[in-house]
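Dear colleague,

Please find the structure below, followed by a short account of what was found in it.

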Amino acid sequence: MTESADSRAGIDAALVTRLIASQFPRWSHLPVVPVANDGWDNRTYRLGEEMTVRLPTAAGYAPAVSKEDRWLPRLAPVLPVSVPEVLAQGEPGCGYPFSWSVRRWIPGEAADRAVIDSAVEFAVSVAEFIRALQCSDTTEAPLAGAHSFYRGAALRHYDQETRDCLDALGDRVDTIAATAVWENALASEWQDDPVWFHGDIAPGNLLINHGKLTAVIDFGTCGVGDPACDLVLAWTALSGESRAAFRRTIDLDNATWGRARGWALWKALLMLVDGQPTDPGLHVRNRHIVDEILTDYQASR
């Protein structure tokens, strides 16, 4: 990673080194190296061989630090794969304005870059993780809202934004079919008690080791509410038999799947509008996702 790439959001290895030296001097001898594939909401650095440092890039992402620090230790024992283990909680300092954390390094490669033994087995493993998460104790857990960027809440929060995206895209997508999918998603709400959701079940947050799912990371948008937002993987990374296996294992009703299509559609349309000019590959991927959603919706009718 180049020096310029290591300065995104004003965060670089030198800053992380200073933070560690000032707040956790017992680790100050360890090298600090940016990870090869970084997320957007947070910057992540290797700290020696066994740890990572995770720092929010903006104020909107900062509340996730304390949320993960509190809830990951409670969720970890009931989940079938590894999740991040928080080792230390850092405070603002050295000119950096937010809380941050030190975590244990989890080996593996993100699912969108890894070799996966079996797409069907992978789909079932992710579904089993989601089911276990939904069964976790929700006592005092954070209800969906601003902290989860409204994942787990009613889709109507993104109604105007979605319609604006459809207007902006014009004839570049089938806006009549997409509107039907969206309105179908808005037609129902979660009727049961709120359950835990991850909020960003995306290939980049699913770690593969030796061909199998071994960890789920980045719980920054987690909370309790409607689990439909956790089903978007069905269209963003699965198809055919793997999608069918995912759906069978999740075992949720048709209305929840309808809302899940809405979540997937909202994000794909947003990425088509915002990401198209700078990343042609992003456009191709999200156009494919929209096509998959529309085809799936037609087949479900």
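Ala144 lies in the loop that joins helix 3 (119-134) and helix 4 (159-169). This is a predicted model, in which local features need pLDDT of at least 70, side-chain atom pairs count only at pLDDT 80 or more, and totals for chains, interfaces and linings use all residues. Residues are numbered from 1 along each chain as its sequence is written, and side-chain values use heavy atoms, with hydrogens and water left out. Helices (H or I, at least four residues) and strands (E, at least two) are DSSP runs, numbered from the N terminus.

Ala144 counts as partly exposed because its relative accessibility is 22%; buried means under 20% relative accessible area, exposed over 50%, and partly exposed in between (1.4 Å probe, protein chains only). Leaving aside neighbours within four places in sequence, Ala144 is in contact with Arg151, Gly152, Ala153, Phe197 and Val224 (contact: heavy atoms within 4.5 Å).

In helix 7 (residues 240-250), the buried residues are Ser242, Arg243, Ala245, Phe246, Thr249 and Ile250. Seen down the axis of helix 7, they fall within an arc of 160°, so they line one face of the helix; the arc is that of the directions from the helix axis to the C-beta atoms. The face turned away from this buried side carries the exposed residues Gly240, Glu241 and Arg248. Asp251, which follows helix 7, has a positive phi, near 55°.

The model also has an open, antiparallel sheet of five strands in the order 1-2-3-5-4 (two strands pair if DSSP finds at least two bridges between them). Its edge strands are strand 1 (32-34) and strand 4 (86-90).
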